[in-house]
Amino acid sequence: MRIILHKLFGTNGQKIVVFCLILATALVMGCSKEIPPSAQAKNAVPATVKTVDLNSADREELQTIPYVGAVMADRIITFREANGGFENPEQLMLIQGMSDKRFRSIRHLIRADISKK
Amino acid sequence: MSDVKPVHRYSLNPLFWTAAAFAIGIVLASYRLLDFHIAVGIALTSSFLAILLSKFRHSGLLIIIAAVAVGSLVFYEEQLSITDDRIRTIYDTGQLTSADVITVFGRVSSGPEPAHQGAVIEVDVSQVKKRDAEINSSGRVRFFINADSEDALADLNALGLKSGSVIKAYTSLDRDERYHNPGVRSRRKMLDHQRIDATATIKSPLLIEKTADGAMSPLNAVYDLRRDVINDIRDRFNTSTAGILIASTLGDKYFLDSRDSDVFRSGGTFHILVISGLHITIIGLIVIFIVSRITRNRYARFISATAILWSYALAVGAEPPVVRAAVMFTVLLFSHVIYRNASMLNSLGLCGLILLAIRPSDLFNPSFQLTFLSVLAIVAVAVPLITQMREIGAWMPKSDTPFPPQCSQFFRRVCETLYWNEAAWTIEMNRQVWSAKLFKSPLFGWFGVDALRRAVTTVVEGIIVSASVQLFLLPLMAVYFHRIPLLGVLLNIWAGVMLAAESVIALLAILIGQISDLAALPFVRVAELINWLLVASQQFFITGFVPDVRVPVYSGYAAHIYFVYFIPLIFIAFAVLNWRPFERQLKIGKLKIFSMALSLILLAAFAAVIVTHPFSEAVPDGRLTVEFIDVGQGDAAFITFPNGEKMLIDGGGRPNMSGDNDIDDLQPDVPRIGEIVVSEFLWEKGISNIDHVVGTHADADHVQGLEDVLQNFNVGNLYVGNDDKQPSESDLLLHIADKRNVPITRLTAGQILNIDGVTINVLWPRVGENSALSDNDLSLVLLINYGERTFLFTGDIEKYAEAELVSSGQLLRVDVLKVAHHGSRTSSTTDFISLSKPEFAIISVGRRSLFGHPHTEVVKTLTESGAKIIRTGQNGTITISTDGKDLRHSTYIPEMP
């Protein structure tokens with residue numbers, strides 16, 4: 001391979017060709033990284049999904065939320081009574097048992113209607 | 001010979017004595033021994049008189065008296081600053097509890113500081129909203145913002161929090177004491193020393209709202225740079241190296257791995273992992289060195305060095321110990337600038353005055369005491385001693401030292417070995433018109449290699465410094481850390497040098513890495529290698545030779561030894577400071593030699609007493625005493641037999657929530673229950689050995705604490721159940737027992753232990769019991785009988801085991817029942833309770849259990865059977881004792897009537 005290159009381009013030319021090849025490879029690899037991953041709106045809520053209102057839902061409806069069982073539903077209701085309701089959905093994390101990770105997976109299913117407080 | 005009256009010694013270091021008097025004033029005020037108005041009166045009259053009578057020789061005494069009074073006044077003034085709207089007052093008076101969900105409004109004072117799975121910020125709180133009540137407040141709160149996922153971290157960064165940002169956050173504040181046991185360090189006091197009114201966790205960055213940006217501060221650029229460097233280090237180096245580098249050079253200790261930290265603690269070198277006086281001093285010296293090469297102007301040197309040093313101190317978080325060290329360094333530097341022949345002791349006194357005037361309560365802060373005493377040791381003992389040794393060793397006839405030094409022959413020879421440079425003398429002689437023959441007799445030559453002599457001398461000087469510091473810190477190490485690192489003197493030098501090398505190479509790696517990661521790689525690897533060596537070498541010395549010695553403390557009158565220890569030490573320091581071997585004296589006073597010898601002997605004696613702690617345990621009182629220790633969620637019961645033998649049943653521990661961890665994952669340096677609660681409890685009782693330790697079953701909240709207990713104490717016997725599950729949470733415990741040569745006995749139902757008239761019946765589990773049962777159902781159940789009184793320890797047994805015990809007929813009425821499984825509904829069946837019908841039902845559970853323990857059904861069953869329920873989480877340590885007939889009980893926190 002090198003002999004062919006040497007015969008075709010000479011010593012210096014050989015170096016230039018090799019260099020160009022490396023440059024081209026780098027560029028191709030770099031360019032391929034530039035293609036951005038398709039940005040999907042993870043939290044885009046399809047219009048048809050019904051959200052649960054934390055401030056007015058009853059025990060049964062609350063338990064339709066993933067990670068919310070009977071005990072947590074009771075805690076939510078206790079929180080509502082003690083603090084006059086939820087100001088925003090994020091306050092659900094203040095309930096024992098609702099971590100940041102869990103919340104992020106269910107945030108598209110809940111809302112906090114402050115007019116219902 | 002001379003007729004000149006010697007100047008009164010205390011006037012050589014007036015500021016030091018003033019500072020000492022100031023400190024005494026603070027102590028008097030804290031014990032309310034000096035009334036406020038009296039102090040005002042004394043301060044005014046003394047100062048007035050001192051000015052009036054300034055010509056008199058002893059007017060200095062009046063200044064001292066005034067200083068005492070002013071010290072008291074400053075202390076009272078600080079107490080007044082704890083206003084009613086401070087968060088700590090609001091909390092302490094019950095207006096706010098840790099169960100209240102509140103909205104906090106405030107301004108970020110420092111942070112965000114990167115931490116493991118989140119970040120830490122400190123906020124000056126201006127208002128707290130509880131339900132609809134708005135409470136105006138002040139004071140600083142430290143928040144941990146939980147961000148354990150990529151999304152959460154992104155949200156946190158998007159918030160763009162900086163020093164000065166105004167925020168609103170939803171959280172609950174915590175200022176509770178965690179473990180209410182006699183002797184356990186008060187969490188509130190620790191927070192107060194750190195100037196923090198409360199701590200809190202914010203469960204997600206989504207619970208924070210930034211309402212305004214703070215004013216632009218040049219410091220923010222520094223903080224951002226620091227954060228970027230921290231992230232760069234975490235990406236570039238392995239977990240252990242990253243943690244150690246980030247802590248020791250950037251002041252962020254949240255990435256230290258607990259295994260590394262333990263090695264450093266055992267070696268007595270932990271302080272080099274956190275930015276402290278040592279770092280500031282070294283960095284300060286480096287900065288001085290660099291600045292000296294640039295300019296000759298003393299003022300320029302002082303200003304530039306101080307500016308750089310303070311920028312560094314602020315950039316790494318301006319924690320109180322760092323600020324203290326920076327103040328000390330600035331004062332010491334300043335005293336050189338104003339051309340005085342700076343007496344270091346005097347400068348130290350000035351530092352003390354400044355620091356205590358700003359924050360008098362720091363006098364009781366262990367961190368302050370450690371820093372101050374270390375510097376005092378260096379300034380009062382190590383440096384004067386080394387200076388004198390140099391002068392003795394390198395003595396040549398000069399105008400101010402015409403005569404050879406007066407000291408013991410051997411000592412002179414040692415100094416000459418270290419400091420005599422024959423070549424330098426030859427050059428000096430060639431310059432003079434006279435010549436002399438000096439009889440120098442070093443112990444050995446250095447093979448003609450002067451560099452070797454200088455190297456060894458540096459090491460020897462290091463040892464002297466390290467040894468002085470250890471001597472001064474001995475009582476504090478015993479009382480605060482219950483640890484005497486025997487190899488501390490050597491390991492400090494070794495570890496310090498290694499860490500310095502590692503830091504330099506890491507710095508190179510980071511700088512080169514900005515251009516090319518590949519080029520930086522060899523530096524990264526070398527740094528990681530040094531890091532491994534740093535940890536492994538200490539580990540080797542500790543396990544191979546003598547490890548650190550864990551010491552219990554005296555209580556009552558005997559505790560005075562920790563203060564009395566300093567009396568001979570101060571005398572020796574005085575002697576060293578005032579030693580003038582070149583001032584010819586015809587006769588060295590016999591009194592001097594005698595008092596010096598006595599001091600040394602006394603010091604050695606006191607040190608030996610502190611380390612070997614004879615008679616530190618209480619005298620046995622002939623009663624069987626059971627103490628249920630408050631370990632939060634978990635069990636730990638300490639039993640003292642009538643003849644003084646001791647038994648510990650379970651040692652608490654934190655349940656491991658995160659499941660199986662990769663060995664390379666960071667194990668955050670979180671204090672362990674076995675160390676800070678159980679071991680602390682035992683050390684405060686003066687105990688250093690335990691005859692019997694029982695691990696009821698393989699659950700972390702029962703046996704994890706025992707791992708520390710086995711390491712820290714001399715254990716006679718370890719008893720465990722006979723479950724052979726693999727892997728088991730008891731594995732590490734058994735491994736430690738093996739390494740410490742503690743005999744392990746497996747107990748099964750039917751076995752009986754007789755200890756000093758007390759019978760211990762093992763009721764459960766039976767031999768060959770179905771090993772498919774849960775760990776809980778295989779817990780050891782012990783029935784302890786003394787005279788007419790019985791105690792039943794049930795571990796975590798559940799319905800099955802309880803039913804079997806009921807039907808076996810072995811279960812009888814007991815006086816004291818340790819309720820199974822922390823009062824969970826899985827246990828305490830009606831049959832079991834009605835058969836055991838205890839007078840006292842002890843539930844070992846945290847103040848707020850994650851699992852909801854104790855469950856209401858269990859409480860109902862127990863109350864209905866007539867038992868008196870006492871919870872460790874509510875009342876702290878529960879003590880029940882008997883002489884075989886009576887039954888006395890008491891709790892650490894008095895029960896509600």
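This is a short tour of a predicted model, chain by chain and stop by stop.

**Stop 1: chain A.** Select chain A. Its secondary structure comes to four helices and two strands. Follow them from the N terminus, and the order is α-β-α-α-α-β. Of its 117 residues, 28% count as buried. Now show the surface. Chain A exposes about 7900 Å², and carbon and sulfur atoms supply 64% of that area.

**Stop 2: helix 1 of chain B.** Select residues 14–30 of chain B. This helix has 17 residues and reaches 25 Å from its first C-alpha to its last, close to the 24 Å expected at 1.5 Å a residue. Which of its residues are buried? They are B:F16, B:T18, B:A19, B:A21, B:F22, B:A23, B:G25, B:I26 and B:A29. Then step just past the end of helix 1. There B:R32 takes a positive phi of about 60 degrees.

**Stop 3: salt bridges.** The count is 51 salt bridges over all chains.

- Select B:K130 and B:D100. Their closest N and O atoms are 3.5 Å apart. B:K130 sits in strand 2 (residues 118–130), and B:D100 in the loop between helix 4 (87–92) and strand 1 (102–115), 30 residues apart. B:K130 is partly exposed at 28% relative accessibility, whereas B:D100 is buried at 18%.
- Select B:D224 and B:K162. Here the closest N and O atoms are 3.1 Å apart. B:D224 lies in helix 7 (residues 218–236), and B:K162 in the loop between helix 5 (150–159) and strand 5 (166–171), 62 residues apart. B:K162 is partly exposed, at 27% relative accessibility.
- Select B:K440 and B:E416. The N to O distance is 3.8 Å. B:K440 is in the loop between helix 16 (422–431) and helix 17 (450–481) and B:E416 is in helix 15 (residues 409–419), so the pair ties together parts 24 residues apart in sequence. B:K440 counts as buried at 17% relative accessibility, and B:E416 is buried at 2%.

Next, select B:R88, B:D92, B:R175, B:R188 and B:D192. Salt bridges with shared partners join them into one network.

**Stop 4: a nonpolar patch.** Select B:W494, B:L529, B:W532, B:L533, B:F540, B:F541 and B:F545. Together they form a nonpolar surface patch with about 760 Å² of accessible area. Which helix gives the largest share? Helix 19 (residues 517–544) of chain B does, with five residues. End on B:F540, which lies in that helix. B:F540 is exposed because its relative accessible area is 54%, over the 50% cut-off.

How values were computed:
Residues are numbered from 1 along each chain as its sequence is written. Chains are lettered from A and ligands numbered from 1 in the order in which they are written. This is a predicted model: local features need pLDDT of at least 70, side-chain atom pairs count only at pLDDT 80 or more; totals for chains, interfaces and linings use all residues. Side-chain values use heavy atoms; hydrogens and water are left out. Patches are made of residues with over 30% relative accessible area and no salt bridge: like charges are joined within 9 Å, nonpolar side chains (Val, Leu, Ile, Met, Phe, Trp, Tyr) within 5 Å. Accessible areas come from the Shrake-Rupley method with a 1.4 Å probe; for residues, only the protein chains shown count as cover. A salt bridge is a side-chain nitrogen of Lys or Arg within 4 Å of a carboxyl oxygen of Asp or Glu. Buried means under 20% relative accessible area, exposed over 50%, partly exposed in between (1.4 Å probe, protein chains only). The expected span of a helix is 1.5 Å times one less than its number of residues.
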